[in-house]
Amino acid sequence: MSLLDPIFPEREMKLIRATVVLMALCGAAAHAQMTPVGRWQTFEEKTGAPKSIVAIADRNGAMLGKIEKVLRKDADPNAKCTECTDERKDQPIVGLEVLRGARKVEGQDVWDGGQVLDPENGKTYKLKLTPIEGGKKLEVRGSIAFLGRTQTWTRLP
């Protein structure tokens, strides 16, 4: 072997290049998931049982989330938001817009402002969305002044 021979043979260099490209693509895919946009499974706070699927979309920089499916076994598939007090009153729960208006905080993976609706009591709360665990989960915080609660939703494929 002479000093002019490469340290790695051509076959090994191809493997190294492919590995580097794959790692770069995986990193980009993980970063792309650090957004609330997608489909999320929600859970009952007391039991941890699946509650619903919420689809979140970006509408001109503001998040909009609708209930796509109710998962509770005892849920009425034709239920309406009888407790709502705005234009959502008496609208079907499936398809109901429950998240509105949160916008990305510059330089952070956080969406703040906007509102979240609890269709069970018709109340709206200030909304904050924070993707966690590489975007696999979403912290959804609803609050009034300093009082609030945070739910953790799980991303669906």
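A residue is called exposed when its relative accessible area is over 50% and buried when that area is under 20%. The legends below use these words for a predicted model.

**View 1. N60 lies in the loop between β2 and β3.** With a relative accessibility of 75%, N60 is over the 50% cut-off and therefore counts as exposed. Its phi is near 55°, which is a positive value in a residue other than glycine. Most residues other than glycine have a negative phi.

**View 2. β6 and β7 form an antiparallel pair.** Seven bridges join β6 and β7. One of the residues with a partner in β7 is K126, which is bridged to S143. The hairpin of these strands has four residues between them, and E133 in this hairpin takes a positive phi near 50°.

**View 3. β7 also pairs with β8, again in the antiparallel sense.** Eight bridges link β7 and β8. G142 stands opposite R149 of β8. Two residues separate the strands in this hairpin, where A145 has a positive phi near 55°. A145 is in the loop between β7 and β8 (147-156), and because its relative accessibility is 70%, A145 counts as exposed.

**View 4. D118 is a buried residue of strand β5.** The relative accessible area of D118 is 14%, so D118 falls under the 20% limit for buried residues. The D118 side chain reaches the backbone nitrogen of E120 at 3.0 Å. Leaving aside neighbours within four places in sequence, D118 is in contact with K123, Y125 and R149.

**View 5. The largest nonpolar core has 21 residues.** The members that touch the most other members are I56, V98, L99, L127, L129, L138 and W153. At least two residues of this core come from each of β2 (50-59), β3 (62-70), β4 (97-104), β5 (111-118), β6 (123-132) and β7 (137-144). In soluble globular proteins, nonpolar side chains tend to be buried together.

**View 6. L127 has contacts with residues elsewhere in the sequence.** Not counting residues up to four places away in sequence, L127 touches L99, R100, A102, W111, D112, G113, G114, Q115, V116, V140 and R141.

**View 7. The charged end of K104 sits over the ring of W111.** The distance from the charged end of K104 to the centre of the W111 ring is 4.8 Å. How many aromatic pairs does a search of the whole structure find? The search finds zero.

Notes:
Residues are numbered from 1 along each chain as its sequence is written. This is a predicted model: local features need pLDDT of at least 70, side-chain atom pairs count only at pLDDT 80 or more; totals for chains, interfaces and linings use all residues. Side-chain values use heavy atoms; hydrogens and water are left out. Rings of Phe, Tyr and Trp (its six-membered ring) pair if their centres lie within 6.5 Å; planes under 30 degrees apart count as stacked, over 60 as edge-to-face and the rest as tilted. A charge sits over a ring if NZ of Lys or CZ of Arg is within 6 Å of the ring centre and within 35 degrees of the ring normal. A nonpolar core is a set of buried Ala, Val, Leu, Ile, Met, Phe, Trp, Tyr and Cys residues joined through side-chain atoms within 4.5 Å. Buried means under 20% relative accessible area, exposed over 50%, partly exposed in between (1.4 Å probe, protein chains only). Contact means heavy atoms within 4.5 Å. A polar contact is a pair of N or O atoms within 3.5 Å; within protein, one must be able to donate a hydrogen and the other to accept it, and residues adjacent in sequence count only if both atoms are side-chain atoms. Two strands pair if DSSP finds at least two bridges between them.
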